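Please look over the sequence and the structure shown below before reading on. The report that follows takes up single residues, then a helix, a core and a pocket.

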Amino acid sequence: MPPSPPSPSEFLRRQLVGRVRAVFHERPDLVQPEPPSDHALFEKDSPIRMVHADVVGMMVGGIRGLFLQMLHPHALQGVLDHSNFRTDMHGRLRRTASFISTTTFGHRDRAKEAIERVNRIHRHVNGTLPGGTPYSATDPRTLAWVHVAEATSFLAAYVRHVRPDMPHGERDEYYRQFAIIARALGADPVPLDQREAEAIFRELRADLTTSPEAREVARFVSEIKPEGAPAALQKALVSEATATLPAFARSMLGLERPGIGGIPARAATWGVGRTLRWAFRQ
């Protein structure tokens with residue numbers, strides 16, 4: 001007998017999953033990426049896999065992390081000199097999402113290949129700042145800021161939108177797991193728990209500077225037209241990312257904390273997040 005057609009709710013769920021994968025997959029024409037591997041770097045249901053599986057939390061955290069990264073002059077100059085972000089921001093975001101997905105959920109061999117591919121790219125990303133100071137994407141301290149900006153942002157968004165009561169032990173384990181990827185990319189120092197993450201964040205803050213270019217990138221990210229997603233959702237994600245930034249970062253980037261108008265944005269992201277967790281059976 002031919003298989004029974006899916007129920008309306010199952011059909012809707014599959015359609016939703018397919019559309020989300022098409023938005024975030026590095027090759028949007030290949031919307032059936034590999035399923036999570038039983039031989040990944042991290043065990044199933046471990047903190048890093050739970051955090052990185054939440055689509056809305058990762059989108060909010062990704063925007064927040066990018067805002068923070070652009071305050072580091074070396075990271076910013078590398079983007080300005082070696083990236084076509086102005087014409088291919090969606091491609092850049094897809095590549096980042098694909099890397100996170102592969103290193104978190106893919107077979108450990110594919111994860112190691114993805115890390116080595118990024119390391120090869122980084123070896124060619126270098127130059128000088130406007131004042132003449134040299135920079136390199138392989139600099140351990142710059143990589144440390146990129147990592148801690150991402151890790152604190154992903155976790156903050158997950159806790160805010162999914163598990164406000166996430167035990168501190170699981171938060172510490174998240175940092176220990178993510179450190180495996182960061183160290184393989186050459187970052188140093190790398191936090192192994194939440195206390196160390198906060199301390200390294202404070203230490204590396206001294207390396208940050210504001211600039212017209214950083215503010216330009218922030219405006220560009222805030223105003224980018226979404227590809228394959230509603231414009232209202234993009235605005236809500238940016239609003240939430242901005243709301244969760246430290247006050248000093250908002251000030252340096254010329255961003256304003258959303259006031260009472262940010263309440264609908266949080267409600268929207270909460271609702272979308274819940275729907276997507278249902279769709280992905282989380």
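## Ile181 and its surroundings

Leaving aside neighbours within four places in sequence, Ile181 is in contact with Phe42, Phe99, Thr103 and Ile115, where contact means heavy atoms within 4.5 Å. Ile181 has its place in helix 8, and helices (H or I, at least four residues) and strands (E, at least two) are DSSP runs numbered from the N terminus. With a relative accessible area of 2%, Ile181 is buried; the term buried stands for under 20% relative accessible area, exposed for over 50% and partly exposed for values in between, with a 1.4 Å probe and protein chains only. Between the C-alpha atoms of Ile181 and Leu41, which are 140 residues apart along the chain, the separation is 9.3 Å.

## Basis of the model and overall make-up

This is a predicted model, in which local features need pLDDT of at least 70 and side-chain atom pairs count only at pLDDT 80 or more, while totals for chains, interfaces and linings use all residues. Residues are numbered from 1 along each chain as its sequence is written, and side-chain values use heavy atoms, with hydrogens and water left out.

The protein chain holds 13 helices and 2 strands, and of its 282 residues 46% count as buried. Among the contacts in the protein chain with a separation of 6 or more, 71% are accounted for by residues 24 or more positions apart.

In helix 9 (residues 194–204), the buried residues are Gln194, Ala197, Ile200, Phe201 and Leu204. These residues lie on the same side of helix 9 because they cover an arc of only 125° around the axis, the arc being that of the directions from the helix axis to the C-beta atoms. An α-helix has 3.6 residues a turn, so residues three or four places apart point the same way. On the other side of helix 9, Arg195 and Arg202 are exposed.

The cover over the buried residues of helix 9 includes helix 3 (55–69), helix 7 (140–161), helix 8 (168–184) and helix 12 (247–253). At the start of helix 9, a side-chain oxygen of Asp193 comes to within 3.2 Å of the backbone nitrogen of Arg195.

## Nonpolar cores

A nonpolar core is a set of buried Ala, Val, Leu, Ile, Met, Phe, Trp, Tyr and Cys residues joined through side-chain atoms within 4.5 Å. The largest such core has 37 residues, of which Ile63, Phe67, Leu68, Trp145, Leu237 and Leu253 touch the most other members. Two or more residues each come to this core from helix 3, helix 4 (73–82), helix 7, helix 9, helix 10 (212–223), helix 11 (231–243) and helix 12, and helix 3 gives the most, with 8 residues.

Not counting residues up to four places away in sequence, Leu68 touches Trp145, Ala149, Ser153, Phe201, Leu245, Pro246 and Ala249. A second, separate core of 21 residues includes Val51, Ala114, Phe154 and Leu155.

## The second largest pocket

About 250 Å³ of space lies in the second largest pocket. Here a pocket is found on a 1 Å grid over the protein atoms alone, as an open set of points where a 1.4 Å probe fits, with protein on both sides within 12 Å along at least five of seven lines, and lining residues have an atom within 4 Å of a point. Grid points are joined across faces, edges and corners, and the volume is the space filled by probe spheres set on the points.

Of the 13 residues that line this pocket, Arg64, Thr152, Ala156, Tyr175 and Glu198 are the closest to its centre. Helix 7, helix 8 and helix 9 each supply at least two residues of the lining, and helix 9 gives the most, with 5 residues.

## Residues in loops

The loop between helix 1 (8–24) and helix 2 (47–53) contains Ser37, which counts as buried at 13% relative accessibility. Leaving out residues up to four places away in sequence, Ser37 touches Arg49, Phe105, Gly106 and His107. Asp45 is also found in the loop between helix 1 and helix 2, but Asp45 is exposed, with a relative accessible area of 58%, and has a positive phi of about 65° although it is not a glycine.

In the loop between helix 8 and helix 9 lies Pro189, and a cis peptide bond with an omega of about 10° joins Asp188 and Pro189. Most residues other than glycine have a negative phi, and most peptide bonds are trans.

Methods. A polar contact is a pair of N or O atoms within 3.5 Å; within protein, one must be able to donate a hydrogen and the other to accept it, and residues adjacent in sequence count only if both atoms are side-chain atoms.
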